[in-house]
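Biologist: I would like to learn how to read a fold. Can we go through it feature by feature?

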Amino acid sequence: MRLSVEHSMSEKIQESLMTMIREKSLKPGDQIPTEIELCELLGVGRSSLREAVAQMISHGLLSRVQGRGTFIRQISLKLQGGLDDLMSVTDMIRKVGAVPATCRSQIEHIKASETLAGKLRLAVGDDCVRIERVRCADDAIAAYCIDTVPKHVFDACGGEIGESLFAMFERTGRRLSHTHTSIHPTILTPRDLPELGDGFGLFLLLDEVDFDQSGVPICYSNDYYNTAIFKFDLVRKKR
């Protein structure tokens with residue numbers, strides 16, 4: 001079964017635009033047709049087209065130069081994988097030959113709330129580290145990740161994140177075994193994610209607790225995956 005969110009008109013236009021770009025063999029730096037030409041080519045209204053183009057600009061796929069037109073900044077990727085595969089964002093990006101990067105990173109020391117303590121089996125008020133990162137694939141926004149780990153786990157890793165949290169844990173011999181995950185489609189705005197610019201994006205939120213090989217929870221994550229970049233498969237079996 002394919003897990004998907006019903007495509008909006010804007011998403012359908014974006015897909016049509018990317019199909020046109022590929023069919024014309026356009027490359028980063030090339031100019032796309034004018035707004036009037038695109039409306040005629042795609043058979044859509046001007047307001048719908050403008051919304052789609054604005055979202056592609058906010059995702060880093062297109063760029064607009066005042067007085068010159070709209071240009072391709074990055075060809076859209078489609079990173080595919082199964083939700084039953086436990087893989088880091090870094091590895092998913094590398095799997096398709098794209099270059100992973102952290103566009104923004106922020107570390108904050110916090111106290112465990114009642115909810116967080118319950119998820120990580122801590123006492124309320126225990127020290128934790130909240131790691132907020134914007135992950136990119138070839139300069140396109142791929143994921144917005146908010147990970148919280150107990151401070152003693154973070155300190156044991158040397159206080160250095162690197163590209164992958166999974167690799168950070170493994171440096172101390174704590175291999176991730178499984179996760180408990182809930183999935184929610186959500187919309188992020190520039191207030192949530194300033195990197196979106198003036199637009200907004202449809203994301204798939206994976207709210208999950210990561211467990212090590214001993215069954216101990218070591219990370220609570222809110223990872224928002226850009227649906228313009230990621231597509232996940234889910235296989236369901238009858239018991």
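Biologist: Which residues of α1 meet α2?

Modeller: This is a predicted model, so read every value as computed from it. I13, S16, L17 and M20 of α1 meet L38, L41 and L42 of α2. Sorted by class, that contact has six nonpolar residues, one polar and no charged.

Biologist: At what angle do α1 and α2 pack?

Modeller: Helix α1 covers residues 9-23. α1 and α2 pack at about 100°, and their axes are 11 Å apart. Angles from 65 to 115 degrees count as roughly perpendicular. That makes α1 roughly perpendicular to α2.

Biologist: Now α2 and α3. Which residues meet there?

Modeller: From α2, take E35, I36, L38, C39 and L42. They meet R46, L49 and R50 of α3. Here the classes are five nonpolar, no polar and three charged. L38 and L42 also belong to the α2 side of the contact with α1.

Biologist: What is the angle between α2 and α3?

Modeller: About 105°, with the axes 10 Å apart. Helix α2 spans residues 35-42 and helix α3 spans 46-58. The two are therefore roughly perpendicular to each other.

Biologist: On to the strands. What is the strand order in the open sheet of six strands?

Modeller: The order is β4-β5-β6-β9-β8-β7, and the pairing is antiparallel. β4 (100-111) and β7 (176-188) are the edge strands; each has a single partner, so one side of each lacks a neighbour in the sheet. On average, neighbouring strands are turned by 15° against each other, direction ignored.

Biologist: How many bridges join β7 to β8, and how many join β8 to β9?

Modeller: Twelve bridges join β7 to β8, and the two run antiparallel. L188 stands opposite G201 in β8. Nine bridges join β8 (residues 201-212) to β9 (residues 217-226), again antiparallel. L206 has D223 in β9 as its bridge partner, and D210 has C219.

Biologist: What links β8 to β9 in their hairpin?

Modeller: Four residues lie between the strands. In this hairpin G215 takes a positive phi near 85°.

Biologist: How do I read the two faces of a strand?

Modeller: In a regular strand the side chains alternate between the two faces of the sheet. In β8, one side holds G201, F203, L205, D207, V209 and F211. The other holds L202, L204, L206, E208, D210 and D212. Every residue in both sets is buried, so both faces of β8 are covered, with buried meaning under 20% relative accessible area. The count is twelve of twelve.

Biologist: Where is R174, and what is it in contact with?

Modeller: R174 is in the loop between α7 (165-170) and β7. Leave aside neighbours within four places in sequence. R174 is then in contact with H152, V153, F169, D212, Q213, V216 and I218. Of these, D212 is one of the buried residues of β8. R174 and V153 are 21 residues apart in sequence, and their C-alpha atoms are 9.5 Å apart in space.

Biologist: Is R174 buried or partly exposed?

Modeller: Partly exposed. Its relative accessible area is 22%, and the cut-off for buried is under 20%.

Biologist: Which loop holds R73?

Modeller: The loop between β2 (69-72) and β3 (79-82). R73 is partly exposed, at 45% relative accessibility. R73 and A140 are 67 residues apart in sequence but 9.0 Å apart in space, C-alpha to C-alpha.

Biologist: What should I look for in backbone torsions?

Modeller: Most residues other than glycine have a negative phi, and most peptide bonds are trans. So flag the exceptions. S25 has a positive phi near 55° and is not a glycine. S25 sits in the loop between α1 and α2. R121 also has a positive phi, about 55°, without being a glycine. R121 lies in the loop between α5 (114-120) and β5 (127-137). R121 counts as exposed, at 59% relative accessibility.

Biologist: Last, the whole chain. What are the totals for helices and strands?

Modeller: Seven helices and ten strands. Buried residues make up 44% of the 239 residues. Among contacts with a separation of 6 or more, 58% join residues 24 or more positions apart. The chain exposes about 12,700 Å², and carbon and sulfur atoms supply 48% of that.

Methods
Residues are numbered from 1 along each chain as its sequence is written. This is a predicted model: local features need pLDDT of at least 70, side-chain atom pairs count only at pLDDT 80 or more; totals for chains, interfaces and linings use all residues. Side-chain values use heavy atoms; hydrogens and water are left out. Two strands pair if DSSP finds at least two bridges between them. Axes are lines fitted to C-alpha atoms, for helices over the stretch in contact, and angles run from 0 to 180 degrees between N-to-C directions. Buried means under 20% relative accessible area, exposed over 50%, partly exposed in between (1.4 Å probe, protein chains only). Contact means heavy atoms within 4.5 Å. Accessible areas come from the Shrake-Rupley method with a 1.4 Å probe; for residues, only the protein chains shown count as cover. Angles under 35 degrees count as roughly parallel, over 145 as roughly antiparallel, 65 to 115 as roughly perpendicular and the rest as oblique. Ala, Val, Leu, Ile, Met, Phe, Trp, Tyr, Cys and Pro count as nonpolar, Asp, Glu, Lys and Arg as charged, and the others, Gly among them, as polar.
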